[in-house]
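Colleague: Could you open the model so we can go through the helix packing and then the pockets?

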Amino acid sequence: MILIHLVTSNRMEVLRQTLVELLRKPVGGPLDEELVIVPNRGLGRWLEMGLAQDQGICAQTRMDFPRRLVAQILDSALGPDPRQEAYQPEAMRWALYQMIPSWILKEGEGPLAIYWQATPSPASRFALCGELARIYDLAIIYRPEQIQRWCREPKDWPERLFVELSESL
């Protein structure tokens, strides 16, 4: 059974207390996950800490974003769209990790090349790709007009990198 509770407030304490009260009476079984939609990661973390403080633990609670919920609903109704999946942060992260070495050779020296060469650790490079993917994801969501401008006339290296990334996806 799916229940939706829409709670709005301009006071975060009210949101947290309402969530705590709602989760005290679980809807499903003990292994069913409770889904909480939050606008950003910071609020999700804050709510998780509040739940853990109030209940002693925060388990079987997933904080997710509206975009992912809408994508899941549309995917279940219409089937997944591979073009949209390519622009998910994790997919962009892997694509960036694969393409940056050849992109640096083509572009020459620049801030990205300097950082890439200064940090030979695959973990550090992968973390950088994750941050770039996160920034591009946020730009796609909140600044689509900026992304369109980047694709028409890229100026700086992040814009040129995004254009090449979008062409490879």
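Predicted model: local features only at pLDDT ≥ 70, side-chain atom pairs only at ≥ 80, totals over all residues.

Colleague: Which hand does the crossing of H5 and H9 have?
Modeller: The crossing of H5 and H9 is right-handed. A crossing gets that label if the near helix is turned clockwise from the far one by less than a right angle, and left-handed if anticlockwise.

Colleague: At what angle do the axes of H5 and H9 cross?
Modeller: Roughly 120 degrees, and the axes of H5 (residues 89–107) and H9 (residues 157–168) come within 10 Å. That makes H5 oblique to H9. For angles, under 35 degrees is roughly parallel, over 145 roughly antiparallel, 65 to 115 roughly perpendicular, and the rest oblique. The axes are lines fitted to C-alpha atoms, for helices over the stretch in contact, with angles from 0 to 180 degrees between N-to-C directions.

Colleague: Which residues in H5 meet H9?
Modeller: Met92, Ala95, Leu96, Met99, Ile100, Trp103, Lys106 and Glu107 in H5, against Trp157, Arg160, Leu161, Glu164, Leu165 and Ser168 in H9. Contact here means heavy atoms within 4.5 Å. By class that's nine nonpolar, one polar and four charged residues. Ala, Val, Leu, Ile, Met, Phe, Trp, Tyr, Cys and Pro count as nonpolar, Asp, Glu, Lys and Arg as charged, and the others, Gly among them, as polar.

Colleague: And what's the angle between H7 and H9?
Modeller: About 85 degrees, with the axes 12 Å apart. That makes H7 roughly perpendicular to H9. Leu132, Tyr136 and Ile140 in H7 meet Trp157, Pro158, Leu161, Phe162 and Leu165 in H9. The contact of H7 with H9 has eight nonpolar residues, no polar and no charged.

Colleague: Switching to pockets: how much space lies in the largest pocket?
Modeller: About 1,100 Å³. Pockets are found on a 1 Å grid over the protein atoms alone: an open set of points where a 1.4 Å probe fits, with protein on both sides within 12 Å along at least five of seven lines, and lining residues have an atom within 4 Å of a point. Points are joined across faces, edges and corners, and the volume is the space filled by probe spheres set on them.

Colleague: What lines the largest pocket?
Modeller: It has 29 lining residues, with Leu3, Ile4, His5, Leu35 and Val36 nearest its centre. H1 gives the most to that lining, with six residues. By class, the lining of the largest pocket has 20 nonpolar, four polar and five charged residues.

Colleague: What volume does the second largest pocket have?
Modeller: About 740 Å³. Of its 24 lining residues, Arg41, Phe65, Arg68, Arg134 and Asp137 are the closest to the centre. H7 gives the most to the lining of the second largest pocket, with eight residues.

Colleague: How do the residues of that lining divide by class?
Modeller: In the second largest pocket, the lining has 10 nonpolar, four polar and 10 charged residues.

Methods
Residues numbered from 1 in each chain as written. Heavy atoms only, no water. Helix = DSSP H or I, 4+ residues; strand = E, 2+ residues; numbered from the N terminus.
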